[in-house]
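Biologist: I have a structure open and want to learn how to read it. Can we go feature by feature?

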Amino acid sequence: MTAGHLQIVVCAAGPAPDVTTLINTAHQRSWTTAVTATPHAMDFIDIPAIEKLTGAPVRSDYRASPGVRRSLPTADALVIAPATYNSINKIALGLADNYAMTTIAELIGRHVPTVIVPFVNTALATRHSYRRAVTNLRDEGIHLLLGPEHNWEPHPPGTGNDRRLAFPWTTAFHAAAALAEEKQPRK
């Protein structure tokens, strides 16, 4: 797929300020982008820079204005990155307690090809709830960029800053674009 629309959901984790890498990668491939952020992620990202790059407002909450259209743009793919322990568990359970989680639930429900890139430490990754969440998401057809086959693993507690620069933004885009291509009918 040479062009499409990528919906990005950013969670509050160390690599979040670097989401512009994902946006620029998508734009280099002629994709448009829009960013939704979890409420806590708003403090991590440069909202004006993202809005300038995407040409769209960063969304984090529901619009309260009557008559304002609330629908999501037609997305060809969804990338959730960096995805926190909390967000991964919420997504797997189908919890929609904020605008970002509602966006994710709806796009997954629309069968939009979805890639999740966890940013979780090894202590949290050993929890049964997290391991079940990963399994359940994969069973639902969600692509998690996680494991040796993706060269992306949980990091030891306290080393998140060291892992930030290695965050696989470009790999996430390529995975999402490939999934979108697979979904397109053959001509």
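**Helix packing, aromatic rings and a buried helix**

Modeller: Start where two helices touch. Val-19, Thr-21, Leu-22, Thr-25 and Ala-26 of H1 are in contact with Trp-169, Thr-170 and Phe-173 of H8. Those contact residues comprise five nonpolar, three polar and no charged. Keep in mind that this is a predicted model.

Biologist: What is the angle between H1 and H8, and how far apart are their axes?

Modeller: Helix H1 spans residues 19-28. H1 and H8 pack at about 45 degrees, and their axes lie 8 Å apart. The label follows from the angle: roughly parallel needs under 35 degrees, and roughly perpendicular runs from 65 to 115. So H1 is oblique to H8. Their crossing is right-handed.

Biologist: Now the rings. How many aromatic pairs are there in the whole structure?

Modeller: A search of the whole structure gives seven. Take Trp-152 with Phe-167: the ring centres are 5.4 Å apart and the planes meet at 85 degrees, so this pair is edge-to-face. The cut-off for that label is over 60 degrees. The pair links distant parts of the chain, 15 residues apart. Trp-152 sits in the loop between strand E5 (143-144) and helix H7 (160-164), and Phe-167 in the loop between H7 and helix H8 (169-183).

Biologist: Are Trp-152 and Phe-167 buried or exposed?

Modeller: Buried means under 20% relative accessible area. Trp-152 has 3% relative accessibility, so Trp-152 counts as buried. Phe-167, at 6%, is buried too.

Biologist: Which residues of H3 are buried?

Modeller: Tyr-85, Ser-87, Ile-88, Asn-89, Lys-90 and Ile-91. They pack against strand E3 (77-83), helix H4 (99-109), strand E4 (114-118), helix H5 (122-125) and helix H6 (128-139).

Biologist: Pick one of them. What does Asn-89 contact, leaving aside neighbours within four places in sequence?

Modeller: Asn-89 is in contact with Ser-129, Tyr-130 and Ala-133. Asn-89 lies in H3, residues 85-93. Its relative accessibility is 13%, so Asn-89 counts as buried.

Biologist: What comes just after H3?

Modeller: Gly-94, with a positive phi of about 80 degrees.

Conventions
Residues are numbered from 1 along each chain as its sequence is written. This is a predicted model: local features need pLDDT of at least 70, side-chain atom pairs count only at pLDDT 80 or more; totals for chains, interfaces and linings use all residues. Side-chain values use heavy atoms; hydrogens and water are left out. Helices (H or I, at least four residues) and strands (E, at least two) are DSSP runs, numbered from the N terminus. Buried means under 20% relative accessible area, exposed over 50%, partly exposed in between (1.4 Å probe, protein chains only). Contact means heavy atoms within 4.5 Å. Rings of Phe, Tyr and Trp (its six-membered ring) pair if their centres lie within 6.5 Å; planes under 30 degrees apart count as stacked, over 60 as edge-to-face and the rest as tilted. Axes are lines fitted to C-alpha atoms, for helices over the stretch in contact, and angles run from 0 to 180 degrees between N-to-C directions. Angles under 35 degrees count as roughly parallel, over 145 as roughly antiparallel, 65 to 115 as roughly perpendicular and the rest as oblique. A crossing is left-handed if the near helix is turned anticlockwise from the far one by less than a right angle, and right-handed if clockwise. Ala, Val, Leu, Ile, Met, Phe, Trp, Tyr, Cys and Pro count as nonpolar, Asp, Glu, Lys and Arg as charged, and the others, Gly among them, as polar.
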